[in-house]
Amino acid sequence: MLNTKPNWPILAVMVGISLTACKILPTKSGGGDNAPAFNPDKMVEEIWAAKVVPYLQQKAGPFPEVHSLATTDAAAAGAKYGNPNKQANSPWTFAVRLEGKIVAANTQSRAATIDVDVDGDGKADARVQIGPAVRGTALRDSLDFIQFNDFTNQIDFAQFGKAFNSYADKTVLSKLPRETLEGHSAKVLGAYTLGSGQDLPLVTPAEAEIGPKP
């Protein structure tokens with residue numbers, strides 16, 4: 001016969017963990033009460049023009065300056081261009097302005113990208129996502145007013161990160177040209193997460209322009 005008597009010490013520990021790890025948002029992921037359902041797309045739309053873009057415009061530094069500091073002193077770069085309220089075990093994510101010449105483009109994939117030379121040496125310095133599929137959560141993670149503890153759980157937090165990518169694609173990336181991009185100029189305001197490998201820094205735009213060939 002099963003023992004249905006509550007194990008109070010274990011239950012107390014579980015409640016304690018729950019209270020310290022999570023915080024209830026005004027909006028919930030669902031349920032039958034009167035609280036509105038969690039809607040990450042709507043939440044991003046409501047803050048994009050009012051908070052997200054102005055924050056990035058104020059926080060971002062020139063890509064060469066940011067990346068040079070990030071690769072030598074990530075903490076110093078984070079203090080100046082990153083989100084100081086990031087989770088302790090998360091890598092730094094930096095807000096950047098990037099301007100240069102497109103030296104390569106991959107528009108055959110849904111996760112399309114352009115490689116941009118920002119210092120004029122003919123070599124790519126950064127890879128910029130142009131969608132429609134956008135990887136990572138750099139835009140969300142660059143914002144110091146977005147905190148994991150403001151969400152009920154990891155799933156909601158992840159969905160919120162994806163909503164930034166979807167909104168950027170809908171309002172910015174989907175309007176960019178796709179043909180014969182090499183040689184054209186590119187201008188981007190966005191964010192990227194510092195990686196540990198040799199891959200080009202992967203920048204996710206909040207604003208992007210592709211101009212004529214110089």
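Begin by selecting Phe94 and Tyr192: both residues are buried. Please bear in mind throughout that this is a predicted model.

Display the rings of these two residues. Phe94 and Tyr192 form a tilted aromatic pair, with 5.6 Å from centre to centre and 50° between the planes. Where in the chain do the two partners of this pair lie? Phe94 belongs to strand β2 and Tyr192 to strand β5, 98 residues apart, and the pair thus links distant parts of the chain. A search of the whole structure finds 10 aromatic pairs.

Next, keep Phe94 selected and show what surrounds it. Leaving out residues up to four places away in sequence, Phe94 touches Val66, Ala70, Ala74, Ala77, Gly78, Tyr81 and Gly82, and also Gly190, Ala191, Tyr192 and Leu194.

Now widen the selection to the core. The largest nonpolar core has 27 residues. Phe94, Val96, Leu98, Ile114, Val128, Tyr192 and Val203 are the residues with the most contacts inside this core. Colour the elements that build it: helices α3 (63–72) and α4 (74–81), together with strands β2 (93–106), β3 (111–117), β4 (126–132), β5 (185–193) and β6 (202–210), each supply at least two of its residues. Which element gives the most to this core? It is β2, with four residues. Another core lies apart from this one; it has 25 residues, including Tyr55, Leu56, Leu139 and Ala163.

Select the aromatic cluster next. Phe38, Trp48, Phe148, Phe151, Phe157, Phe160, Phe164 and Tyr167 together form one cluster.

Two lysine side chains are the following stop. Select Lys51 and Phe145: the charged end of Lys51 sits over the ring of Phe145, 4.4 Å from the ring centre. Then select Lys86 and Trp92, where the charged end of Lys86 sits over the ring of Trp92 at 4.9 Å from its centre.

Proceed to Asn153, in the loop between α5 (138–141) and α6 (154–171). Is this residue buried, partly exposed or exposed? Asn153 counts as partly exposed because its relative accessibility is 28%, and this class lies between the 20% limit for buried and the 50% limit for exposed. Show the polar contacts of its side chain. One joins it to the side chain of Thr152 at 3.3 Å, and the side chain of Asn153 also reaches the backbone nitrogen of Asp156 at 2.8 Å.

A polar atom of the His184 side chain lies 3.3 Å from the backbone oxygen of Thr180. Apart from neighbours within four places in sequence, His184 is in contact with Gly100, Lys101 and Ile102, and with Ile210, Gly211, Pro212 and Lys213.

Finally, zoom out to the whole chain. The chain contains six helices and six strands, and they follow the pattern α-α-β-α-α-β-β-β-α-α-β-β along the sequence. Of its 214 residues, 38% count as buried. The chain exposes about 12100 Å², of which carbon and sulfur atoms supply 55%. Among contacts between residues at least 6 apart in sequence, 63% join residues at least 24 apart. The pair with which the tour began, Phe94 and Tyr192, links residues 98 apart.

Key: Residues are numbered from 1 along each chain as its sequence is written. This is a predicted model: local features need pLDDT of at least 70, side-chain atom pairs count only at pLDDT 80 or more; totals for chains, interfaces and linings use all residues. Side-chain values use heavy atoms; hydrogens and water are left out. A nonpolar core is a set of buried Ala, Val, Leu, Ile, Met, Phe, Trp, Tyr and Cys residues joined through side-chain atoms within 4.5 Å. Buried means under 20% relative accessible area, exposed over 50%, partly exposed in between (1.4 Å probe, protein chains only). Contact means heavy atoms within 4.5 Å. A polar contact is a pair of N or O atoms within 3.5 Å; within protein, one must be able to donate a hydrogen and the other to accept it, and residues adjacent in sequence count only if both atoms are side-chain atoms. Accessible areas come from the Shrake-Rupley method with a 1.4 Å probe; for residues, only the protein chains shown count as cover. Rings of Phe, Tyr and Trp (its six-membered ring) pair if their centres lie within 6.5 Å; planes under 30 degrees apart count as stacked, over 60 as edge-to-face and the rest as tilted. A charge sits over a ring if NZ of Lys or CZ of Arg is within 6 Å of the ring centre and within 35 degrees of the ring normal.
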